[in-house]
Amino acid sequence: MEHHREIVEYFNHRGISAIFLFRRNLLRRMVSVLANSYDRKAKLLNGTHKSHVHSEQEAAALSSYKPIINSTSLISDLKEVEMITARALEKFNSTRHMVLYYEDLVTNRTKLKDVQEFLGLPLMELTSRQVKIHKGSLCDFVSNWDDVNKTLNGTEYERFLHADY
């Protein structure tokens, strides 16, 4: 974001297309970011850090870490992520781009076809061997779930407490 003008100019000059991949559920994003940050230091899988895994056993090992979410700053943290996302889209609105949401990729197989069409690639059936790390309800993956639940209940972010895919 610091050098967005130069990047936009570079993209437009060279005909580069961008795909913005976002999460709809910013609370899930937060859990993933915190868990990934923890594993970067703890290296839970045989002394190596992995952001993405290919087995249920690896996923279970990584999901065993339950971060504590700062409930005092939670709402302002979520607002900040929304603002950063909006700013990024605003700054890159003159580029050829598409917006894609992780949740849509997981639940809607046609989204991969949309990406291939956007990139001008021949349509093919794409598969992934990646295994989802945090499966199920978020309450199983947050140490201070009661605080988080209390903080978000009755707010515009309450939907993040229950949304799953």
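At what angle do the axes of helix 4 and helix 7 cross? In this predicted model, the crossing is at roughly 70°, and the two axes come within 10 Å. Axes here are lines fitted to C-alpha atoms, for helices over the stretch in contact, with angles running from 0 to 180 degrees between N-to-C directions. Helices (H or I, at least four residues) and strands (E, at least two) are DSSP runs numbered from the N terminus. Helix 4 and helix 7 are therefore roughly perpendicular to each other. That class covers 65 to 115 degrees; under 35 counts as roughly parallel, over 145 as roughly antiparallel, and the rest as oblique.

The helix 4 side of this contact consists of L74, I75 and L78. They meet V148, T151 and L152 of helix 7. Contact means heavy atoms within 4.5 Å. By class, the residues are five nonpolar, one polar and no charged. Ala, Val, Leu, Ile, Met, Phe, Trp, Tyr, Cys and Pro count as nonpolar; Asp, Glu, Lys and Arg count as charged; the others, Gly among them, count as polar.

Residues are numbered from 1 along each chain as its sequence is written, and side-chain values use heavy atoms, with hydrogens and water left out. Because the model is predicted, local features need pLDDT of at least 70 and side-chain atom pairs count only at pLDDT 80 or more, whereas totals for chains, interfaces and linings use all residues.

The protein averages a pLDDT of 90, where pLDDT is the predictor's confidence in each residue, from 0 to 100. A score of at least 70 is reached by 96% of the residues. Confidence is lowest in helix 3 (residues 56-63), with a mean of 80. It is highest in helix 7, at 98.

Eight helices and two strands make up the secondary structure. Along the sequence, they follow the pattern α-β-α-α-α-β-α-α-α-α. The C-alpha atoms fill a box of roughly 50 × 35 × 30 Å along the principal axes. Of the 165 residues, 32% are buried. Buried means under 20% relative accessible area, exposed over 50%, and partly exposed in between, with a 1.4 Å probe and protein chains only. Among contacts with a separation of 6 or more, 72% join residues 24 or more positions apart.

Helix 4 (residues 74-91) also packs against helix 2 (residues 26-42). The two axes come within 10 Å and cross at roughly 100°. That makes helix 2 roughly perpendicular to helix 4. Helix 2 contributes L26, L27, R29 and M30 to the contact. Helix 4 contributes L74, D77, L78, V81 and E82. Six of these residues are nonpolar, none is polar and three are charged.

The largest nonpolar core has 17 residues. Such a core is a set of buried Ala, Val, Leu, Ile, Met, Phe, Trp, Tyr and Cys residues joined through side-chain atoms within 4.5 Å. The residues with the most contacts inside this core are L27, I69, L74, L78, W145, V148 and L152. Helix 2, helix 4, helix 7 and helix 8 (159-162) each supply at least two residues. Helix 2 gives the most, with four. W145 touches L27, L138, C139 and L161, not counting residues up to four places away in sequence. A second, separate core has six residues, including A18, F20, F22 and F92.

F92 is also a contact of H4, as is K91, with neighbours of H4 within four places in sequence left aside. H4 lies in helix 1 (residues 4-14). Its relative accessibility is 12%, so H4 counts as buried.

N144 sits in the loop between helix 6 (110-119) and helix 7 (145-152). N144 is buried, at a relative accessible area of 13%. Beyond residues up to four places away in sequence, N144 touches P67, I68 and I69.

Two further sites are partly exposed. D114, in helix 6, has a relative accessible area of 30% and is partly exposed. G47 is found in the loop between helix 2 and helix 3. G47 is partly exposed, with a relative accessible area of 48%. From G47 to T127, 80 residues apart along the chain, the C-alpha separation is 28 Å.
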